[in-house]
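Biologist: Hello! I am new to reading protein models. Could you take me through one, feature by feature?

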Amino acid sequence: MKLGNLGEQIFIKSKKAFDAIKYIGYELADGEKYFSLRTGRMEKAKSDYMKSLNDSGISGLFIRDLILNEVKYGDPRLR
């Protein structure tokens, strides 16, 4: 298993590339080992994301504010 970085995604774009994939097999993963890796990766991703938001210097009302329930009824940013 390879863990990527925040904001990185790898995908198969063409049918030709998709058709070239072959299933070879699988290996069982140690749940205790990979759960802690996944948890650590998720916490780092959250931290990096929040830092990028704070460093961006943007202000205003964004969809993420609505999703995170940070906007309450009567918020002056709502018109």
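Predicted model: local features only at pLDDT ≥ 70, side-chain atom pairs only at ≥ 80, totals over all residues.

Biologist: How many residues apart are Glu43 and Lys46 in helix α2?

Modeller: Start with the helix itself: an α-helix has 3.6 residues a turn, so residues three or four places apart point the same way. Glu43 and Lys46 are three residues apart in helix α2, so about one helical turn separates them.

Biologist: How many salt bridges does a search of the whole structure find?

Modeller: Four in the whole structure. Among them is the one between Asp48 and Lys44, at 2.7 Å from N to O. These two sit four residues apart in helix α2, again about one helical turn. Another joins Asp55 to Lys51, whose closest N and O atoms are 2.6 Å apart. Asp55 and Lys51 are also four residues apart in α2, about one turn.

Biologist: Which of these residues count as exposed, and which as partly exposed?

Modeller: Look at the relative accessible area, where over 50% means exposed. Lys44, at 52%, is exposed, and so is Asp55, at 54%. Glu43 is partly exposed at 45%, and Lys46 is partly exposed at 45% too. Asp48 has 30%, so Asp48 counts as partly exposed.

Biologist: What can I look for at the start of α2, and just after it?

Modeller: At the start, a side-chain oxygen of Asp30 comes to within 3.3 Å of the backbone nitrogen of Glu32. Just after α2, Gly57 has a positive phi of about 70°.

Biologist: How many helices and strands does the chain have?

Modeller: There are three helices and zero strands. The radius of gyration is 20 Å, well over the 12 Å that the globule rule gives for 79 residues, so the chain is more spread out than a compact globule. Its C-alpha trace spans about 55 × 35 × 25 Å along the principal axes.

Biologist: What percentage of the residues are buried?

Modeller: Buried residues account for 5% of the 79 in the chain. The chain exposes about 8000 Å², with carbon and sulfur atoms supplying 59% of that area.

Technical notes. Residues numbered from 1 in each chain as written. Heavy atoms only, no water. Polar contact = N/O pair within 3.5 Å; in protein donor to acceptor, adjacent residues only side chain to side chain. Salt bridge = Lys/Arg side-chain N within 4 Å of Asp/Glu carboxyl O. Buried < 20%, exposed > 50% of the residue type's maximum accessible area, 1.4 Å probe, protein only. Rg over C-alpha atoms; globule rule 2.2 N^0.38 Å. Areas by Shrake-Rupley, 256 points an atom, 1.4 Å probe, with all protein chains shown as cover.
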